[in-house]
Amino acid sequence: MGKHAKSTQTLIWDRILQHGPGWPFTPASFVDLGTPAGVRLTLHRLKKSGTIRPIGRGLYDYPKQDPQLGALSPSADAVVQALKGRDAVRLQPTGAHAANLLGLSTQVPVRLVYQTDGRTRSLKLGKQVIQFRRTTPRNLATAGRTSGLVIQALRQLGKDAVTDDVIRHLDGKLSVADKAQLQADLAYAPQWMAPIFKKLAPPVATA
């Protein structure tokens, strides 16, 4: 193995160790550490030695080990962030996952659904399934913002299930900036959400 390959391998392994067990990554996570061919070769060697494991196409992790359960699945959110960085796509949590992220549901869904401008596909992580569903640019206009999470969570609950308790919970959960963004993004929400957004308007500053 040449000097450059050794240097690339050392740098990649150092980065993996810095993040620690449980970190999911792609070749793009090391784009600054060597040539694409050098990165691929290093990951191939680490995979072949059993040091890292493949958990999807072009996706790996340095598995966290449990004394009884063995190698554990990485965090779904960490996997999503790794794929988002690699594929340069927008992602919006939807359904029960959005409701859970906002604390409107205590149940962690087995299927985590994201809207995306990338391709439709699924990834299985242990007992959980991450599903990416391609959607329209309009549906992704609020992706990455709390307003998008609120819109998707309210869609999941449905108009009749948005009680005063739900509104009080959101009122306490959202920052003033979040509430202002919610008003700015009203055009991207179903019409029935307008009265709810109005109740969540940021407080008016007094002189």
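**Close-up views of a predicted model**

View 1. The largest cavity has a volume of about 70 Å³. A cavity is a set of points, on a 1 Å grid over the protein atoms alone, where a 1.4 Å probe fits but cannot get out. Grid points are joined across faces, edges and corners, and the volume is the space filled by probe spheres set on the points. The structure is a predicted model, in which local features need pLDDT of at least 70 and side-chain atom pairs count only at pLDDT 80 or more, while totals for chains, interfaces and linings use all residues. Residues are numbered from 1 along each chain as its sequence is written, and side-chain values use heavy atoms, with hydrogens and water left out. A search of the whole structure finds 1 cavity of 30 Å³ or more. R138, N139, A141, T142, G148, I151, Q152, R155 and Y188 line the largest cavity; lining residues have an atom within 4 Å of a point.

**View 2. The open sheet.** Four strands, in the order β6-β7-β9-β8, form an open sheet with mixed pairing. Strands β6 and β8 (121-125) stand at the edges with a single partner strand each, so one side of each is left without a neighbour in the sheet. Neighbouring strands of this sheet are turned by 25° against each other on average, direction ignored. Strands (E, at least two residues) and helices (H or I, at least four) are DSSP runs, numbered from the N terminus. Two strands pair if DSSP finds at least two bridges between them.

**View 3. Strand β7 and its partners.** In strand β7 (residues 111-116), 5 of the 6 residues are buried, meaning under 20% relative accessible area with a 1.4 Å probe, protein chains only. Strand β6 (residues 91-93) runs antiparallel to β7, joined by 3 bridges, and L91 stands opposite T116. With strand β9 (residues 128-134), β7 pairs in the parallel sense over 6 bridges. Here R134 is the bridge partner of T116.

**View 4. Helix α3 on the sheet.** Helix α3 (residues 76-87) lies across β6, β7, β8 and β9 and runs at about 140° to β8. Axes are lines fitted to C-alpha atoms, for helices over the stretch in contact, and angles run from 0 to 180 degrees between N-to-C directions. Contact means heavy atoms within 4.5 Å.

**View 5. The hairpin of β2 and β3.** Strands β2 (residues 53-56) and β3 (residues 59-62) pair in the antiparallel sense over 3 bridges. G56 stands opposite L59. The hairpin has 2 residues between the strands, and G58 takes a positive phi near 65°.

Definitions and conventions: Buried < 20%, exposed > 50% of the residue type's maximum accessible area, 1.4 Å probe, protein only. 1 Å grid on protein atoms, 1.4 Å probe; cavity = no way out; pocket = protein on both sides within 12 Å on 5 of 7 lines; lining within 4 Å.
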